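This briefing covers model confidence, a helix and its surroundings, charged pairs and a surface patch. Please read it alongside the structure shown here.

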Amino acid sequence: MAVREQVNTTFLLAYPVMLSQLGQVAVGVADSMMVGRLGALELAASSLANSIFFVILMFGIGISMGLTPLVSKSFGKGKTHQISRLFSNSLLINFSTSLVLFGVVLLFSQNLSILNQPKEVEVLALPFLLIITASLLPLMVFQTFKQLVEGLSQTKQAMFITIAANLVNVFLNWLFIWGNWGFPELGFLGAAWATLISRILMMVLMGAYVLYSKRYADFGLRILRFKPNWTLCKRVLKIGIPTGFQFIFEVSAFSAAAIMMGWIGVNALAGHQIALNLASISYMMATGLATAGMIRVSHYIGKEDYKGMREAGMVAFGMVATFMFVCALLFFLLRFLLPTLYIDDPQVISLAASLLVLAGLFQLSDGIQVVGLGVLRGLEDVKVPTIVTFLAYWGLGLPLGYLLAFKLGFAEKGIWIGLLIGLTLTAGMLLYRFNRLSKKKINASNLS
């Protein structure tokens, strides 16, 4: 397939996933923008709660993503009879995972003081955290249906449902935060309730679409009355667990950065939340290209077309590099305007603007590393990338950020410089690994 055709096919797969992933982040972005109008303290509290929850959430999403490459590979091989069993066992895994993760958050919520945050922030953050954690179960069920259809190269359905749910979320924020239309005025906790309700809606709409659509009738999908297949569960978890840890190492690094920002002060934490929210928009859109790359790579593996597999992966790298370069320019040019969408505090705006310069610098590395993880996942290569992610963030990025911030006097900028170095190291190593493994598969196929 010509490069131009690869680009077109990848884009058609990626843009709905981009918008769908952007919709996931938009829940947090909309919450932050609307909560920010209440003040820096409320924004800092929601930042702390979201930082803790996001670590747990991304691990769960990583577990759910074990389904997609297996469905895509089975579809490429023409083994459609296996797709229903993969789906049912993945649903069981994801449902169980949501319960376990909910329990983890409940236990941790009793010991928030170990994070050494300002007491007033901690008190406000606790109820917010518990409410949004309740959204784990519906979100994980939604993810199961989403990963199934994406594995079948059908990515628009989740996009439409996610966008609709997020519009509902913003409207509910408006109702619950300020008590409009006679609803109780819940303050910043209203944003948490809106998030929970919108995620329940996502689950119901996605599940109803897949289970009642004629498009999927031939697969014989079952959510009840199926016999668990532990061999299939192991296959899903073999990809899902390392993927979950990949996400958790990266996301927890940014959450740890938020905690260190809290040691500097409320304004530093609020400014960090604004910059991170904006950076998460481009990151989650880049994950759309990563997902498209994963689908394309695993589909070609199923067809045993290794040259097409390599082309698909390299095209995804090129597309994300171009996209993230544009995002970096926007962050730099609009660094003083974008924070005003969240808050009107001049000190927080100035601090956030300085952090957006650094966020712009690591856009390229961020995009390349997330696509690297995606295309390697398509090869079912997850162990080494997981180790690379851990060492880059926790072995280098965070310790260096701590050193720069608290020992060398760079303050909040030092934390972000450390993360930038971790991102860049991860990106280079993952690009190198895909290049080497894809060439190896082509050479092996030529010899056979």
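Which residue just after α3 takes a positive phi? G78 does, at about 85°.

This is a predicted model, in which local features need pLDDT of at least 70 and side-chain atom pairs count only at pLDDT 80 or more, while totals for chains, interfaces and linings use all residues. Residues are numbered from 1 along each chain as its sequence is written, and side-chain values use heavy atoms, with hydrogens and water left out.

**Confidence**
- The mean pLDDT (the predictor's confidence in each residue, from 0 to 100) of the chain is 88, and 98% of the residues score at least 70.
- Confidence is lowest in helix α1 (residues 3-36), with a mean of 79, and highest in helix α6 (residues 136-151), with 94; helices here are DSSP runs (H or I, at least four residues), numbered from the N terminus.

**Helix α3**
- Eight of the eleven residues of α3 (residues 67-77) are buried, so the rest of the structure largely encloses this helix; buried means under 20% relative accessible area, exposed over 50%, and partly exposed in between (1.4 Å probe, protein chains only).
- The buried residues of α3 include L67, P69, V71 and G76.
- Their cover includes α2 (40-64), α4 (81-109), α6, α9 (230-264), α10 (266-303) and α13 (363-378).

**Salt bridges**
- The whole structure has five salt bridges, each a side-chain nitrogen of Lys or Arg within 4 Å of a carboxyl oxygen of Asp or Glu.
- K73 and E380 form one of 3.2 Å, N to O.
- K73 lies in helix α3 and E380 in the loop between α13 and α14 (383-407), so this pair ties together parts 307 residues apart in sequence.
- D381 pairs with R433, with the closest N and O atoms 2.7 Å apart.
- D381 lies in the loop between α13 and α14 and R433 in helix α15 (residues 411-447), so the pair links parts 52 residues apart in sequence.
- Both D381 and R433 are buried.

**Q157**
- Q157 lies in helix α7 (residues 156-178) and is buried, at 12% relative accessibility.
- Its side chain makes a polar contact of 3.3 Å with that of Y209; such a contact is a pair of N or O atoms within 3.5 Å, where one must be able to donate a hydrogen and the other to accept it, and residues adjacent in sequence count only if both atoms are side-chain atoms.

**Surface**
- F325, V326, L329, L330, F332, L333, L334, L337 and L364 make a nonpolar surface patch of about 830 Å²; patch residues have over 30% relative accessible area and no salt bridge, with nonpolar side chains joined within 5 Å.
- Helix α11 (residues 306-333) gives the most to this patch, with six residues.

Definitions and conventions:
Helix = DSSP H or I, 4+ residues; strand = E, 2+ residues; numbered from the N terminus. Patch = residues over 30% accessible without salt bridge, like charges linked within 9 Å, V, L, I, M, F, W, Y side chains within 5 Å. Areas by Shrake-Rupley, 256 points an atom, 1.4 Å probe, with all protein chains shown as cover. Contact = heavy atoms within 4.5 Å.
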